[in-house]
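Please read this note with the structure open beside it. The points can be checked one at a time.

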Amino acid sequence: MSSVHAKISGVGKYLPEYVLTNKELETMVDTNDEWIKSRTGISERRILKGDNLGTSYMAERAANAALEDAGVDADEIDVIIVATVTPDYLFPATACLVQKRIGASNAYAFDLSAACSGFLFALSTGGNFIESGRAKKVLVIGADKMSSIIDYTDRTTCILFGDAGAAVVLEETQEETGIIDYIHHTEGDEDCMLYQPAGGSVRPATKETVEKDLHYIRQDGRAVFRKATEGMSDVSLEIMKKNDLAPQDVAWLVPHQANLRIIDATARRMGIDRNKVMINIDKYGNTTSATIPLCLVDWKDQLNEGDNLVLSAFGGGLTWGSIYLKWAM
Ligand code: UT7
């Protein structure tokens, strides 16, 4: 193992102002506040309104907040990775637009697509650049404008998702701290349990794909629920075992926020108390690649040097994974 580690030195977030409540959803589809809360844990979510505003708008603002928090200038950044499944355009990458707007003139930039596991895959990738000595400072952003691919007449998906961006700055450290280990998995979703049917090279956008609503998320909720519950708890236990972490050694579980029942099941299997689990799904819903860095921002003031954090996610792909991080800000 390398003696150089990658630690998080700054965090930042951007949340759109518009709050879409369960009550408002009741006026849009056949649903109700009680069903949504009891089946998902969600009360409200944020929606990015405004013409010509995409994922880069949120990513840019989250990035600037993280840079300020870290006390790092944009031109010190070597690499920018944006995890997203809702890029502004298929190309150029959203990360390239962010690079220009924040003035990170010395950075190269690219997007990473791993759906709800996107931030974890991007964080470990950024960490690898630092551990290898190829980069000193990396900006890792999770941002998704999920409202751009949601069908607001489909009650099975429109209640779940929200828009947000959140970011971290990674810097090198010689201490045994920061990203200590990670385990990631993939199982190609040829059954199309969770996907966006059109807009890619198999079914490019046509009048017909638009008329058939094929540019919206499709999800087999029950099947994904089963896979997510199993995948997230298995990989979290796997990383604890590999690093000799007992439940009492874990200061915080930082889970992807897709469904409160998945989070609770994961924590139970890990033996972690509810009060050591970061949960903000009630306020933001599932913001895909932004959920985990949003938690880090919201809990920053409660984190202490040396705290052991287990970050875990499951998402489309199918992708899932876990990162063991020792807090060092
Ligand atoms: O982050 C990416 C990974 N994604 C996930 O992890 C999501 C995983 N899946 C889930 O979180 C859950 O499966 C959902 C929240 C999507 C659905 O919850 P569920 O407990 O699995 O409900 P269900 O699909 O089994 O549906 C139960 C009933 C159905 O009615 P019938 O057939 O029993 O009469 C649905 O039609 O609930 C109905 N239903 C609703 N009722 C009110 C589905 N959506 C709604 C709704 N409001 N919004």
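The numbered points below go through the domains, the ligand site, some single residues and the backbone.

1. Basis of the note. This is a predicted model, in which local features need pLDDT of at least 70 and side-chain atom pairs count only at pLDDT 80 or more, while totals for chains, interfaces and linings use all residues. Residues are numbered from 1 along each chain as its sequence is written, and side-chain values use heavy atoms, with hydrogens and water left out.

2. Domains. The protein chain is split into domain 1 (5-176) and domain 2 (180-326); such bounds come from an automatic or database domain assignment. Between the C-alpha centres of domain 1 and domain 2 there are 14 Å. Domain 1 gives 47 residues to the contact and domain 2 gives 46 residues, where contact means heavy atoms within 4.5 Å.

3. The shell around the ligand. The ligand is surrounded by 22 residues, and the closest are Thr 31, Arg 222, Asn 259, Arg 261 and Asn 286. By type, the shell holds ten nonpolar, seven polar and five charged residues. Here Ala, Val, Leu, Ile, Met, Phe, Trp, Tyr, Cys and Pro count as nonpolar, Asp, Glu, Lys and Arg as charged, and the others, Gly among them, as polar.

4. Helices at the ligand. Which helices each supply at least two residues of the shell? They are helix 2 (33-40), helix 8 (221-242) and helix 9 (260-270). Helix 8 gives the largest share, five residues. Helices (H or I, at least four residues) and strands (E, at least two) are DSSP runs, numbered from the N terminus.

5. Polar atoms at the ligand. An N or O atom in the side chain of Thr 31 is 2.7 Å from a nitrogen atom of the ligand. For Gln 219, a polar side-chain atom lies 3.1 Å from a ligand nitrogen atom. The side chain of Trp 35 has an N or O atom 3.4 Å from an oxygen atom of the ligand. The ligand taken alone exposes 950 Å², of which the protein buries 77%; accessible areas come from the Shrake-Rupley method with a 1.4 Å probe, and for residues only the protein chains shown count as cover.

6. Thr 86. This residue lies in the loop between strand 4 (79-83) and helix 4. Is Thr 86 buried or exposed? Thr 86 counts as buried because its relative accessible area is 5%; buried means under 20%, exposed over 50%, and partly exposed in between (1.4 Å probe, protein chains only). The side chains of Thr 86 and Asp 144 are joined by a polar contact of 2.6 Å. A polar contact is a pair of N or O atoms within 3.5 Å; within protein, one must be able to donate a hydrogen and the other to accept it, and residues adjacent in sequence count only if both atoms are side-chain atoms. The Thr 86 side chain also reaches the backbone nitrogen of Lys 145 at 2.9 Å.

7. Ala 104. The loop between helix 4 (94-102) and strand 5 (108-112) holds Ala 104. Ala 104 is buried because its relative accessibility is 0%. Although Ala 104 and Asp 75 are 29 residues apart in sequence, their C-alpha atoms are 4.5 Å apart in space. Leaving aside neighbours within four places in sequence, Ala 104 is in contact with Ala 74, Asp 75, Ile 80 and Gln 99.

8. Glu 238. This residue is in helix 8. With 35% relative accessibility, Glu 238 counts as partly exposed. Its side chain makes a polar contact of 3.1 Å with the side chain of His 185.

9. Backbone. The peptide bond from Phe 91 to Pro 92 is cis, with omega near 0 degrees. Gly 317 and Leu 318 are also joined by a cis peptide bond, with omega about -5 degrees. Cys 192 is not a glycine, yet its phi is positive, near 55 degrees. Asp 213, again not a glycine, has a positive phi of about 60 degrees.

Conventions: A residue is near a molecule or strand if one of its heavy atoms lies within 4 Å of it.
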